[in-house]
Amino acid sequence: MLKQKLLQLAVAILMLPAIVVAQNTTSTVSGTVKTNTGEPLIGATIIATHEPTGTQYKVQSRSGGFFNISNMNPGGPYNVQVTFVNFQQGKRSDIYLGLGETYKISFTLDTKAEDLGEVTVQTSSKKRTDFSSKGGSETFITKEKMENLPTVGRNLQDYLRFVPQAKIASADGNLAGVSFGGQNNRYNSFYVDGAANNDQFGLAGSGTNGGQTGSSPISIDAIDQIQVILSPYDASIGNFTGAGINATTKSGTNKFQASLYTFYRNQDLTGKTPTGDKSAATKLADFSSKTYGFRIGGPIVKNKAFFFINIDMVRDERPQPWTGTYAGNTSLTSTTFTDLLNKIASYGYNPGGYVNNVEEVKSDRLSAKIDWNLNTQHKLTLSYRYSKADRFNVPTTSNTSINFYNGGYLMPNKTHSGSAELRSIFKKGQTNKLLLTFTRVVDDRNPIGKAFPRVTVTDGSGRFVFGTENFSTANLLEQTNFALLDYYKFTKGKHNLTIGTDNEYTKARNVFIRDNFGNYTFASVSDFLNNAHPQRFSRSFSLLDNTTGDATKAAAKFSFVRLAGFINDEISLSDNLTLNAGLRLDYTRFLQSPTKDEYFNDVAVPKISQYYDLQGARSGKISSPKVSISPRIGFTYKIPDENIVIRGGAGLFAGRIPLVWPGGVFNNTGKSIGGVALNSVAATTAANLFFNP
């Protein structure tokens, strides 16, 4: 019976017309209105005004004197006014809201007396302890903190260091990955204005779109606030088991503001290598890091519509000079080395240089936003983000390996992301938020230079490596994500209820065929020069067509939908004690099945099963996730006199998995990609192998 009732509840929630994504883009103000004798005032009018834009939010207090103003823009300053017939006006000013914060304030109104006017109370940001009332571990990186926190790389990772549970991985020239609470960074979700901007496929070490290029998906100058959630007891928030990182972009105000900026850094502005031994520390090799940009914002119509635009460019160069001594048998000044270069050129291929291979990162980013107060009830926000980044990832020569420039690869990324959000306030404090987002990501990894086999020529204790980087011969990743967000909030007495669903559709296309141009290893320079048989040869290829490179049909193509429904109740038991309880249901379904290998199922499985239990795994099958039921409960208790807030709770959480795992199920079926690997090849000459692999 319990299972049947839960299923009925899930169907009822999923059938709601509202569709929601559980990421935060707004803030809330809640509290009580009472008389000076402690009696609640029902029907008092509360108006919150965002002073930079003149935007107003208006509600009335309900039973018990409670009020909630949802769907407010983060930031400030705000002033809040409370009026009631025959009572003095109450006012609080200089209020700043953190992203996702529920800011709690209480008003005590005196009866009117002649010539007293209004009573104004200034709130002090230094004494603020009124953060989210929903409990759980979360950190607010407000606009003020972002302006004051130090940053060198001007990337998201520099600001996430502020989160106590965060651990920043070593970068090695790339953007660092961030682990929260010991979880792999691929279990995080990163949203900008509600749109997914984390690398859902799971290839980038940073966990963000475009991370493989070493570039951030958005300029720090475009971000207004950041919220990091680890264990939200609010059931409306989900789809991660690491951390949920929500960022909102800046908005225009009634005042025109513009800024031109540039940042420059090189080896002279950087400390020495951190060896732990001061006497052994050395100056960094020459490099340059340049950022140019501008931002502008202001009113389109005063108090009505506003715009904000940020554009910047990043140009980084990191030379990798080699001044060592080569340990191989062949002298780099000998005729043998010249013969090696001439032999490579005879195939019509230029391997590039090897002494100083310069690594470059070029990034162009745009962020644009329009805020429109349609009327006192409805507010519309449209935002768009674009980034284009190219990284020339080139090999470095060492004492034991001569690596040529064209043996590297170009890692280009293009990301388009957009958000449309409609926030509405209805009668009796009822609110609704509708958010539609899309994200389109293309990583088209390509070799530098002309297409050519990968070749390694062993040279005693050294080696020569040239030709197309073997993992870049056929390598393309396209991802598209659509999400619709809408949740409805309403109040009943002490209860502030939220109900909605959280749905998204994602499709991916991944081409990955390594060694698609062939991979050769020769035992000596002499063997290579004299067309001797290679020591090893390998090549992978498409079984579905005769195409080499990204245009092949042998791509993993799949899509899935994620559906979720939730109901959450925030109960204001008193001015200082808030209880949060909720239930969330998540369901994921893959819409395609991998190609089936009948030979494996019919012949191989019976033999393998004699020694190893496959537990029902078969070719052509994809995982079938079950409905995840996530109950949650949390509390927040304030001790104002001690400036202390106590939070706690318990709950279950379910989140996304990196798509590279199911992508492997579609890629490695044995029906789309084949290959050959040979040792001591004796069937043909090296020249024939190059042109007839």
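Biologist: How many bridges join S25 to strand S29, and do they run parallel or antiparallel?

Modeller: Four bridges join S25 to strand S29 (residues 519–522), and the two run parallel. Two strands count as paired if DSSP finds at least two bridges between them. Strands here are DSSP runs of E with at least two residues, helices are runs of H or I with at least four, and both are numbered from the N terminus. Keep in mind that this is a predicted model: local features need pLDDT of at least 70, side-chain atom pairs count only at pLDDT 80 or more, and totals for chains, interfaces and linings use all residues. Residues are numbered from 1 along each chain as its sequence is written, and side-chain values use heavy atoms, with hydrogens and water left out.

Biologist: Which residue in S29 is the bridge partner of Arg454?

Modeller: That's Asn519.

Biologist: And what about S25 and S26, how many bridges there?

Modeller: Five, and those two strands run antiparallel. One of the partners is Gly462 in S26, which bridges to Asp459. The hairpin of S25 and S26 has two residues between the strands, and Gly460 takes a positive phi near 65 degrees in it.

Biologist: Why is strand S25 called largely enclosed?

Modeller: Because five of the six residues of S25 (residues 454–459) are buried, it is largely enclosed by the rest of the structure. Buried means under 20% relative accessible area, exposed means over 50%, and partly exposed is in between, using a 1.4 Å probe and protein chains only.

Biologist: OK, aromatics next. How many aromatic pairs does the structure hold?

Modeller: There are 22 aromatic pairs. Rings of Phe, Tyr and Trp (its six-membered ring) pair if their centres lie within 6.5 Å; planes under 30 degrees apart are stacked, over 60 edge-to-face, and the rest tilted. Phe466 and Phe528 make an edge-to-face pair, 5.8 Å centre to centre with 65 degrees between the planes.

Biologist: Where do Phe466 and Phe528 sit in the chain?

Modeller: Phe466 is in strand S26 (residues 462–466) and Phe528 is in helix H5 (residues 525–529), so to speak distant parts of the chain, 62 residues apart. Phe466 counts as buried at 1% relative accessibility, and Phe528 is buried with a relative accessible area of 1%.

Biologist: Why do Phe558 and Phe666 count as stacked?

Modeller: Their ring centres are 4.9 Å apart and their planes are at 10 degrees, so the pair is stacked. Phe558 lies in strand S31 (residues 556–572) and Phe666 in helix H7 (residues 660–667), so this pair ties together parts that are 108 residues apart in sequence. Phe558 counts as buried at 3% relative accessibility, as does Phe666 at 9%.

Biologist: Which residues form one aromatic cluster?

Modeller: Tyr326, Phe337, Tyr354, Phe404, Phe464, Phe466, Phe522 and Phe528.

Biologist: How many residues are in the largest nonpolar core?

Modeller: It has 22 residues, and those with the most contacts inside it include Val33, Ile105 and Phe107. A nonpolar core is a set of buried Ala, Val, Leu, Ile, Met, Phe, Trp, Tyr and Cys residues joined through side-chain atoms within 4.5 Å. The largest share of this core, four residues, comes from S7.

Biologist: What does Ile105 touch?

Modeller: Not counting residues up to four places away in sequence, Ile105 touches residues including Val29, Phe67, Val80 and Ile95. Contact means heavy atoms within 4.5 Å. Ile105 is in strand S7 (residues 102–109) and is buried, with a relative accessible area of 5%.

Biologist: Last one: what pLDDT does the protein average?

Modeller: It averages 85, and 90% of the residues score at least 70. pLDDT is the predictor's confidence in each residue, from 0 to 100. Over residues 114–133 the pLDDT is below 50, and beyond near neighbours in sequence this stretch has 47 contacts in the model.
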